[in-house]
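Hi,

Here's the structure I said I'd pass along.

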Amino acid sequence: PVLPEGWAGEKDFNPIGSLSAATQRTIEPVGPHFLAHARRARHKRTFSEDDRI
Amino acid sequence: MAETGSRPAPGDRTVIGLVFGNSNSSIAYTLDEKAEVIANEDGDRQIPTVLSYVDGDEYYGQQAKAFLVRNPKNTIAYFKEFVGQDFKSIDPTHNHASAHPHDVDGVVSFTVNDKEEAVEPSTLSVSEVTTRYLRRLITAASEYLGKTVTSAVITVPTDFTDKQKAALIKAANDADLEVLQLIAEPVAAILAYDARPEATVEDKIVVVADLGDTRSDVAVVASRGGMYTILATSHDYEFAGCHLDQVLIDHFAKEFIKKHNTTDPRENARSLAKLKLEAESTKKALSLGTNASFSIESLIEGIDFTSTINRLRYEMSARKVFEGINRLIEAVVKKADLDVLDIDEVILSGGTSHTPRIANNLAALFPESTTIVAPATCATAINPSELLARGAALQASLIQEYDAEDIDQSTHPAVSTVKHIANALGVVTLAADDASSESFTPIVPAETAVPARRVARIAGPKNGGDVLIRVVEGGAHIKVTKPEPKQKAETNGAKDEDDSDDSDDDSSDEDDEEEEKREKVWRIGNTVAEAAVRDVKKGSQVEVTLTVNADLSVIVTAREIGGKGGVRGVVKAP
C-alpha cells in the first residue's frame, strides 16, 4: 500500500505486534535441506553466517 | 541410531537404499547423484519378501514366491510386520497360505524344514528370518555393484515403534549391514521427487498415499524449504492391493464354477494359492493394458482354466476398494485440519498406485490445482514402486560421509523438534485494479519450521512513490458460496463431505449444477510490523525478506529492487 501522510517510524520501521502462535513439531531428519539445518543448529550459526561459509 | 557393532569408517562404506516391505522389497544405489533401483539376479526390481526352503536349499524373492503353491509349509512370507512384535499383538491373516507364525516365549517364530531330508525342522525367530532375507538382498546388491555393501538407509512406516525399529536394526546388523538411518516411508517418496535435478524446492503441502499390498499408509506432509514435517498419518489394512487381488479371485472363481460345475477352487489351498498368484499378475496387466488374460494350468480336479477380463469390468468389481482408498485419503486430510483445497500435491507410491483408476478418482476428489503424481495422471511421475528405494538411496548417499556419531547427533530430536509457526506470515498488498481492496500475500506459509527465511517480490505502486510494507499474519479459510437458484428443501447439513462424495462418482450427478463453490481465501490477521520504503520508482518491485528466528522473533528487510538502502527492523520474540 501507499504510505499514508505523516507516517513515521524509527529508521522507517515500526514493530507493532509479534507472532501469535507456534506449535512444537518434529521435522523429518531427511534430505539435504534438513542436513543443512542440523549443521546450522549444531554450530549455532545463522543463515547469513552459513551463507558465507 | 544404530546399535554398536561393526561400523565401517565413512570412507570404506558402500551404501544402498533398502526398502523392506511386507510383500516386496527393493534395493537402490546412487550414481552421480541419481538414484537407480537394482535388479536382483532374477531380473526383479520388486523382490518379493519371501523365503523358502526346498531340499535344504534357500530361495528368496520370486523363486520363493512360486513355492507358495507346491511348498507352502516351508515358505515364509509376510513377516516384516512381525519384527519386534510380541506374538499376541500380531495379525497372522496373510500367513494362512504359507508357514504359520507361532509363539515361542512371546517371540514370533516359524518352523520350517530348512535342511536336507530326514532332519528335524528348525524353528526360526522372525528376527532370524529377517536377517537371512536381508542377507540375500545385500548379496544381490553387492554382486551388482561389484563390491560388498556395508551400509544402508532403510525405510520404515511412520507407525513403526521404537521396539520395532531396534529389532530391525538388530536383524540388519546380524546380516553384517550397518544401518545408517531409518527414514519414514512418505518422506522417502517425497525426497525421490525433490532430489531430481529439474525439481525446485517449494513450500507445499503434500499428501503421500503409499498403497501397498497388505496395507495402505497415507501421510500429510508440510514441505517447507525442502524440509518435511509430517502433519497427520493414517494406516489401513482394509483397502490395499491384496483386496484388489481378492476381487479378481472371486470373479474368476465364480466364472470357473459356473463353467465347469466343480468344487470351489477357493476351498482348496493349492488352488487358492494358484488363483492368488495369477490374480496378482492379471491385476498388474490391467494397470498397463485395458485387457488381460487369466489362465491357470490344472486349477482344480485337473481342469485348466483360461479367461480374460477388461479393465472396465475390473474397475466396476473393485469399486468398493477404490472408494475406500478415497475415503482414507480424505480422512487424513481432515485429520491434519486441512481441506482438499490446501493440498498442492498428491504423491502416489507403492505397487497398487499403478492402478489408473485410483489416480483418476483422486484427480476428481482434489481441485484442479492439485497435482496428482502418478503414472496415469502425470507424465513425469516416477515408477511408484521405486520411490521409496530411490529416496532411501539418496539419503544414504547424503550421509555416507558422516561419522556414525554425527548422524546420531544430527537426527536427535533436540535438533529436529522445533517450533513451527501456526499462521502464515506475509504482507498486505493491493489489487492492481482496485486500490481500496487489501489482500494478503503469504511469504512464510503456516507450518514452517523456524528458523526460516523467505524472500518475496511484490509490485510497487503503479505511479511510484512511498510504499508501506505491512507485515501481518494470515489465516486461510474455506469460503463456501451456495448456489443462488432453486434451493432444495433439505438443507445440506454436512457441506464439506457433500460435494466431495459427489466427485467420487464418475457418473455425473444430477445436482452437479447446484454444487456449491468452495474456495480458499485469506483473512488478514494481526499486524506484526510496518516499514516504509521511500521513493520507489514507477513500476518497480520491492523485495521483502522475512526471517523468523528460533525464538519467533522476526527480522524484516525491505528494499526496492535496483535501489539503494532499504529498511531493516527486528520484531521481538513474543
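**Where the chains meet**

Let's start with one pairing: Arg25(A) sits across from Val418(B), which belongs to β20(B). Before going on, keep in mind that this is a predicted model.

That pairing belongs to a stretch where strands from the two chains line up. Strand β2 (residues 22–28) of chain A and strand β20 (residues 417–421) of chain B run antiparallel, joined by five bridges.

Now the contact as a whole. Chain B puts in 63 residues and chain A puts in 37 residues. Together the two chains bury about 4600 Å², with 62% of that on carbon and sulfur atoms.

On the polar side, I get 18 residue pairs in polar contact between chain B and chain A, counting pairs with both residues at pLDDT 80 or more. There are also two salt bridges between the chains. One of them links Asp406(B) to Arg42(A), with the closest N and O atoms 3.2 Å apart.

What does the chain B side look like? Strand β25 (residues 517–536) of chain B gives the most to the side that touches chain A, with eight residues. Sorted by class, that side of chain B has 37 nonpolar, 16 polar and ten charged residues.

Cheers

How values were computed: Residues numbered from 1 in each chain as written. Chains lettered and ligands numbered in written order. Predicted model: local features only at pLDDT ≥ 70, side-chain atom pairs only at ≥ 80, totals over all residues. Heavy atoms only, no water. Contact = heavy atoms within 4.5 Å. Buried area = accessible area lost by both parts, 1.4 Å probe. Salt bridge = Lys/Arg side-chain N within 4 Å of Asp/Glu carboxyl O. Polar contact = N/O pair within 3.5 Å; in protein donor to acceptor, adjacent residues only side chain to side chain. Helix = DSSP H or I, 4+ residues; strand = E, 2+ residues; numbered from the N terminus. Nonpolar A, V, L, I, M, F, W, Y, C, P; charged D, E, K, R; others polar. Pairing = 2+ DSSP bridges.
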